[in-house]
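Here is a short report on one protein model. It covers charged side-chain pairs and a pocket.

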Amino acid sequence: MKNKTVDLDLLQLEGLKVSPESSVAAFVLLLLIYVFIMVSNVGLVVLISMERSLHEPMYLLFCNMSVNDAFGASTVIPRLLADVFLPSSQRYIRYADCAVQAFCAHFHGGTSHTVLMIMAFDRYNAICRPLRYAAIMTRRTVVLLSTLAWVVSFVVILVMVSLSVRLSRCRRIINHPYCDNASLFKLSCENVFINHLYGLSTAMGMMALSLGVVLLTYLRIAVVCLSRKNQALNRRALQTCVSHLAVYIILLLSGFIIILLHRFPQLSEERKLASILFHVVPPALNAVIYGLQIKAIREKILIIFNRKLVHTE
């Protein structure tokens with residue numbers, strides 16, 4: 001009985017499915033993407049932290065997104081890189097480590113939605129209530145909203161993973177590139193209806209709530225922009241809104257594709273690929289979208305880049 005317990009605690013992880021001939025190319029590509037994600041997102045946080053002119057609510061909220069993107073990529077990619085040269089039969093992970101990875105992976109997705117909802121609220125106040133914006137979006141409010149975004153996601157995901165961890169285990173194979181909540185409760189032979197119900201309802205509920213908040217705020221913003229004749233103000237409003245909408249649409253589509261593919265068992269390999277891309281594509285694109293789209297950030301990046309060129313010459 002003791003040996004069985006030990007065996008069930010050491011899980012076999014499918015990891016990234018690549019042929020031995022493609023393992024080097026896959027490793028290099030994933031490594032380059034991961035370095036880019038970390039440099040771009042951490043760089044954006046450092047830039048906003050160092051430049052006092054960027055200490056505004058909108059840019060401080062960008063920091064939440066960049067930190068979460070770096071966290072999400074670090075949850076999945078390093079483990080894939082570590083196992084890419086090993087055959088599937090030799091990719092092992094401790095159950096405790098698997099549970100932590102599952103929590104972190106879902107925590108990244110949940111926090112992405114809550115942070116983007118707060119950013120939509122910020123854009124609504126900036127454009128629809130410009131005279132009261134400074135009084136509403138104070139530094140204290142930004143800290144409070146940012147904390148709320150992380151705490152709400154933390155509690156929701158903690159409950160979800162706890163429901164899976166409480167189950168007994170009768171299997172030890174994870175048929176997924178990395179550990180997620182579904183991987184955890186599929187290790188059990190018990191009734192997992194509650195896990196299915198809670199997991200699906202929280203995922204769909206979070207997406208529906210964020211979609212509702214974003215739609216309502218942007219409909220109001222559209223009404224305000226159409227009602228006033230100041231083209232310069234409308235252009236500035238659209239410039240900041242486009243970047244937020246682009247990031248949100250990428251996140252929404254990435255999550256929706258995974259949920260949709262879960263309904264088609266014959267597309268399991270496509271679902272696995274989509275689940276990896278969820279932790280790769282949005283984190284890789286978000287910092288680029290913000291950095292290139294927002295004029296103030298773009299100008300600061302160009303100034304720093306030009307300074308470095310002058311020093312090297």
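A salt bridge here is a side-chain nitrogen of Lys or Arg within 4 Å of a carboxyl oxygen of Asp or Glu. The model is predicted. By this rule the count comes to 7 salt bridges. Three of them are listed below.

| Pair | N to O distance |
|---|---|
| Asp-122 and Arg-123 | 2.9 Å |
| Arg-94 and Asp-9 | 3.4 Å |
| Glu-269 and Lys-272 | 3.4 Å |

Asp-122 and Arg-123 are both buried.

The bridge between Arg-94 and Asp-9 links distant parts of the chain. Arg-94 belongs to strand S2 (residues 92–94), Asp-9 to helix H1 (residues 2–9), and 85 residues separate them. Arg-94 is partly exposed, at 42% relative accessible area. Asp-9 is partly exposed too, at 27%.

Glu-269 and Lys-272 sit 3 residues apart in helix H10, so about one helical turn separates them. Glu-269 is partly exposed, at 39% relative accessibility. Lys-272 is buried, at 9%.

Helix H8 gives the most, with 8 residues. By class, the lining has 16 nonpolar, 14 polar and 4 charged residues.

Key. Residues are numbered from 1 along each chain as its sequence is written. This is a predicted model: local features need pLDDT of at least 70, side-chain atom pairs count only at pLDDT 80 or more; totals for chains, interfaces and linings use all residues. Side-chain values use heavy atoms; hydrogens and water are left out. Helices (H or I, at least four residues) and strands (E, at least two) are DSSP runs, numbered from the N terminus. Ala, Val, Leu, Ile, Met, Phe, Trp, Tyr, Cys and Pro count as nonpolar, Asp, Glu, Lys and Arg as charged, and the others, Gly among them, as polar. Buried means under 20% relative accessible area, exposed over 50%, partly exposed in between (1.4 Å probe, protein chains only).
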